[in-house]
Amino acid sequence: MTRTRIVLYRLRSMPMSFVTEAEWRTGMTTIRTTCETCGDVELTTADIALELTGSGDEGMYRFVCPSCALLQRRPASQRVVTILLATGVAYEITVDATPITEEEIAHFVAELESDDWFGRLVASDG
Ligand SMILES: [Zn+2]
């Protein structure tokens with residue numbers, strides 16, 4: 001798996017510390033990342049969607065490569081999330097739920113097939 005690499009820079013080659021936050025937010029922010037097939041690609045904040053998990057610290061970011069038009073989805077570390085949010089990308093929060101396993105279903109079915117399942121359910125309550 002390739003490492004996530006995001007580089008932010010302004011089109012005008014002005015050091016970030018020389019601009020106000022408002023200028024930075026409204027400025028032309030280019031986000032450089034990598035496409036699995038094309039290599040380095042340049043995107044704007046409108047091209048990227050951030051998917052945050054329950055805690056909101058980490059998640060995934062996705063974009064459609066401007067070169068090959070393939071949808072890419074990459075893990076976003078806490079640092080990457082912070083950077084992307086600062087540039088104003090759209091984000092959505094998804095809640096991580098553990099899927100039910102076959103084992104749990106089998107256990108549940110076996111439980112239902114036993115004669116006294118209701119009595120044990122009531123007994124285990126509280
Ligand atoms: Zn590509």
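**Reading a loop, a sheet and a helix**

Reader: In which loop does S55 lie?

Author: S55 is in the loop that connects β4 and β5. Helices (H or I, at least four residues) and strands (E, at least two) are DSSP runs, numbered from the N terminus. The model is predicted: local features need pLDDT of at least 70 and side-chain atom pairs count only at pLDDT 80 or more, while totals for chains, interfaces and linings use all residues. Residue numbers start from 1 along each chain as its sequence is written.

Reader: Is S55 buried or exposed?

Author: A residue is buried if 20 or more other C-beta atoms lie within 10 Å of its own, exposed if 12 or fewer, and partly exposed in between, with C-beta atoms placed from the backbone. S55 is exposed because it has 10 other C-beta atoms within 10 Å. S55 and I93 are 38 residues apart in sequence, yet their C-alpha atoms are 8.9 Å apart in space.

Reader: How do I read the sheet, and what is its strand order?

Author: Strands of a sheet pair through backbone hydrogen bonds, either parallel or antiparallel. Two strands count as paired if DSSP finds at least two bridges between them. Here 4 strands make an open sheet in the order β6-β5-β4-β7, with mixed pairing. The edge strands, each pairing on one side only, are β6 (71–76) and β7 (90–93). β4 and β5 are antiparallel, with 5 bridges, and A49 stands opposite R62 in β5.

Reader: Which strands form a hairpin?

Author: β2 and β3 do, with 3 residues between them. These antiparallel strands, residues 29–35 and 39–44, are joined by 6 bridges. T34 has D40 of β3 as its bridge partner.

Reader: How do I read the sides of a helix, and which residues of α2 are buried?

Author: An α-helix has 3.6 residues a turn, so residues three or four places apart point the same way. In α2, the buried residues are V80, V81 and L84. They cover an arc of only 100° around the axis (the arc of the directions from the helix axis to the C-beta atoms), so they are on the same side of α2. Q78, R79 and T82, on the other side, are exposed. The cover over the buried residues of α2 includes β4, β5 and β6. After α2 comes G88, with a positive phi near 90°.

Reader: How many residues has the largest nonpolar core?

Author: A nonpolar core is a set of buried Ala, Val, Leu, Ile, Met, Phe, Trp, Tyr and Cys residues joined through C-beta atoms within 7 Å. The largest has 12 residues, among them I31, L50, F63 and V81. β4 (48–52), β5 (59–64) and α2 (78–86) are the elements that each give two or more residues to this core.

How values were computed: Contact = placed C-beta atoms within 7 Å.
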